[in-house]
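Visitor: I would like a close look at a single part of this protein, with its surroundings described in turn. Please keep to what the model shows.

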Amino acid sequence: MFLSISMKHVYVFLLALQVIAFWESSPVVSGESKITVIIRNSLHDDLNATIHCKSGEGNDLGVHEVPNYSFNRATYDLVFEPNISHTTLYLCAISWKEASLLYVFYSYKRDIERCGTHCLWDILNGGIVGYSTAPGFVSIYVKWPNHAN
């Protein structure tokens, strides 16, 4: 009796280890586990933008100035691993001289298929643009609220 109970526990333990090993070794997309969200400031006239992001778990990434991409090729990048429950998200406030906006720049459920492990955004005078994996294909366009475009 003691041996059969012990073996039962051993089998359950081994099964649990297999499930954990499979889960941990499963790639998000094409063997990559990190996600990179790149936000470019493409506003006209060398205008700077300000960005303030928070994760869905409440991690505050602080306020950052995003210089104009056309003049210095700088971007604001978020690099992270998605959480195990696939609920990862990043909410960011963007502002510049004429407008501001609060938007989810990354949501695992929306973006894993849309842009895979590299999600590119542009901050434009008319609004923000999110691109799909297909080069140059715009999949999200959000106008600045209360702004004459």
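Which residues does T36 touch, not counting residues up to four places away in sequence?

Guide: This is a predicted model, and the answer is read from its coordinates. Leaving out residues up to four places away in sequence, T36 touches L78, V79, T117, H118 and C119. T36 itself lies in strand β1. T36 counts as buried because its relative accessibility is 16%, and the cut-off for buried is under 20%.

The core has 31 residues, of which V37, Y106 and W121 touch the most other members. Its largest share, 5 residues, comes from β6.

Strand β1 also takes part in a charged contact. The side chains of R40 and D122 meet in a salt bridge, with an N to O distance of 2.8 Å. R40 lies in strand β1 and D122 in strand β7, so this pair ties together parts that are 82 residues apart in sequence. D122 is buried, at a relative accessible area of 4%.

The whole structure holds 4 salt bridges. Through shared partners, salt bridges join R110, D111 and R114 into one network. The R110 and D111 side chains meet at 2.8 Å, N to O. R110 is partly exposed, with a relative accessible area of 28%, whereas the value for D111 is 0%.

Next, the sheet. An open sheet of 4 strands runs in the order β3-β2-β5-β6, with antiparallel pairing. Strands β3 (60–66) and β6 form the edges, each pairing on one side only. From one strand to the next, the twist averages 20 degrees. Within this sheet, β2 and β5 run antiparallel and are joined by 6 bridges; S55 has Y90 in β5 as its bridge partner.

Last, confidence. The average pLDDT of the protein is 80, and 75% of the residues score at least 70. Residues 9–32 have pLDDT below 50, and this stretch has 12 contacts in the model beyond near neighbours in sequence. Where pLDDT is low, predicted coordinates should not be read in detail.

Conventions
Residues are numbered from 1 along each chain as its sequence is written. Side-chain values use heavy atoms; hydrogens and water are left out. A nonpolar core is a set of buried Ala, Val, Leu, Ile, Met, Phe, Trp, Tyr and Cys residues joined through side-chain atoms within 4.5 Å. Buried means under 20% relative accessible area, exposed over 50%, partly exposed in between (1.4 Å probe, protein chains only). Helices (H or I, at least four residues) and strands (E, at least two) are DSSP runs, numbered from the N terminus. pLDDT is the predictor's confidence in each residue, from 0 to 100. Contact means heavy atoms within 4.5 Å. Two strands pair if DSSP finds at least two bridges between them. Axes are lines fitted to C-alpha atoms, for helices over the stretch in contact, and angles run from 0 to 180 degrees between N-to-C directions.
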